[in-house]
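Subject: Handover of the structure

Hello,

Here is the structure I promised to pass on. Please open it first, then read the notes below.

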Amino acid sequence: MTTHRIVRIVAGFFVLLSLSLGAEASPLFHNANWLWFTAFVGANLFQSGFTQFCPLETLLKKLGFKETCGGE
């Protein structure tokens, strides 16, 4: 699995988790402040689209994950 796929999976998981913990209509509701985490993940994805800097991707590369597949 490449760093790009892992970043998308982790970001999607964090968005869904923080929405389920922050939205009052959710059965998992804990506190509305969890929505700030959703905003943080979205802002990080937005800025990484322009700057090509993603802290998780940097960490994954240092751990030895491949950046892309051979065919990409």
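Start with Val7. At 12% relative accessibility, Val7 counts as buried, because the cut-off for buried is under 20%. Keep in mind that this is a predicted model.

Val7 lies in helix H1. What does Val7 touch, once its neighbours within four places in sequence are left aside? The contacts are Cys54, Leu56, Glu57 and Leu60. There is also a spacing to look at: Val7 and Leu45 are 38 residues apart in sequence, yet their C-alpha atoms are 9.5 Å apart in space.

**H1 and H3**

Helix H1 covers residues 3-22 and helix H3 covers residues 55-62. The two pack at an angle of about 135°. Their axes are 10 Å apart. H1 and H3 are therefore oblique to each other. The crossing of H1 past H3 is right-handed.

Which residues make the contact? On the H1 side they are Thr3, His4, Ile6, Val7 and Val10. On the H3 side they are Leu56, Glu57, Leu60 and Lys61. By class, this contact of H1 with H3 has five nonpolar, two polar and two charged residues.

**H1 and H2**

H1 also packs against H2. Here the angle is about 155°, and the axes are 7 Å apart. That makes H1 roughly antiparallel to H2, because angles over 145 degrees count that way. H1 passes H2 in a left-handed crossing.

From H1, the residues that meet H2 are Ala11, Phe14, Val15, Ser18, Leu19, Leu21 and Gly22. From H2, they are Trp34, Leu35, Phe37, Thr38, Val41 and Leu45. How many residues of each class are in the contact of H1 with H2? There are 10 nonpolar and three polar residues, and no charged ones.

**Two residues of H1**

Look at Ser18 next. Ser18 lies in helix H1. Is Ser18 buried or exposed? Ser18 has a relative accessible area of 1%, so it is buried. Not counting residues up to four places away in sequence, Ser18 touches Trp34, Leu35, Phe37 and Thr38. Ser18 and Leu56 are 38 residues apart along the sequence. Their C-alpha atoms are 18 Å apart in space.

Now turn to Leu16. Leu16 is in helix H1 too. Its relative accessibility is 62%, so Leu16 counts as exposed. The cut-off for exposed is over 50%. Between Leu16 and Thr38 there are 8.2 Å, C-alpha to C-alpha. In sequence, Leu16 and Thr38 are 22 residues apart.

**The loop between H2 and H3**

Go to Gln52. Gln52 sits in the loop between helix H2 (34-51) and H3. Its phi is positive, about 60°, although Gln52 is not a glycine. Most residues other than glycine have a negative phi. Gln52 is exposed, with a relative accessible area of 66%.

**The salt bridge**

How many salt bridges does the structure hold? The structure holds one. The side chains of Glu67 and Lys61 meet in it, at 3.6 Å from N to O. Side chains of opposite charge can pair when their charged atoms come close. Glu67 is partly exposed, at 39% relative accessibility. Lys61 is partly exposed, with a relative accessible area of 39%. Lys61 has already come up: it is one of the H3 residues in the contact with H1.

**After H3**

Last, find Thr68. Thr68 lies in the segment after H3. At 35% relative accessibility, Thr68 counts as partly exposed. What does Thr68 touch, not counting residues up to four places away in sequence? Thr68 touches Thr2 and His4. His4 is also among the H1 residues in the contact with H3. The C-alpha atoms of Thr68 and Phe50 are separated by 19 Å. Along the chain, Thr68 and Phe50 are 18 residues apart.

**Where to look**

For a quick tour, take these stops:

- Ser18, buried and in contact with Trp34, among others.
- Gln52, with its positive phi.
- Glu67 and Lys61, joined in the salt bridge.

Best wishes

Methods
Residues are numbered from 1 along each chain as its sequence is written. This is a predicted model: local features need pLDDT of at least 70, side-chain atom pairs count only at pLDDT 80 or more; totals for chains, interfaces and linings use all residues. Side-chain values use heavy atoms; hydrogens and water are left out. Axes are lines fitted to C-alpha atoms, for helices over the stretch in contact, and angles run from 0 to 180 degrees between N-to-C directions. Helices (H or I, at least four residues) and strands (E, at least two) are DSSP runs, numbered from the N terminus. Angles under 35 degrees count as roughly parallel, over 145 as roughly antiparallel, 65 to 115 as roughly perpendicular and the rest as oblique. A crossing is left-handed if the near helix is turned anticlockwise from the far one by less than a right angle, and right-handed if clockwise. Contact means heavy atoms within 4.5 Å. Ala, Val, Leu, Ile, Met, Phe, Trp, Tyr, Cys and Pro count as nonpolar, Asp, Glu, Lys and Arg as charged, and the others, Gly among them, as polar. Buried means under 20% relative accessible area, exposed over 50%, partly exposed in between (1.4 Å probe, protein chains only). A salt bridge is a side-chain nitrogen of Lys or Arg within 4 Å of a carboxyl oxygen of Asp or Glu.
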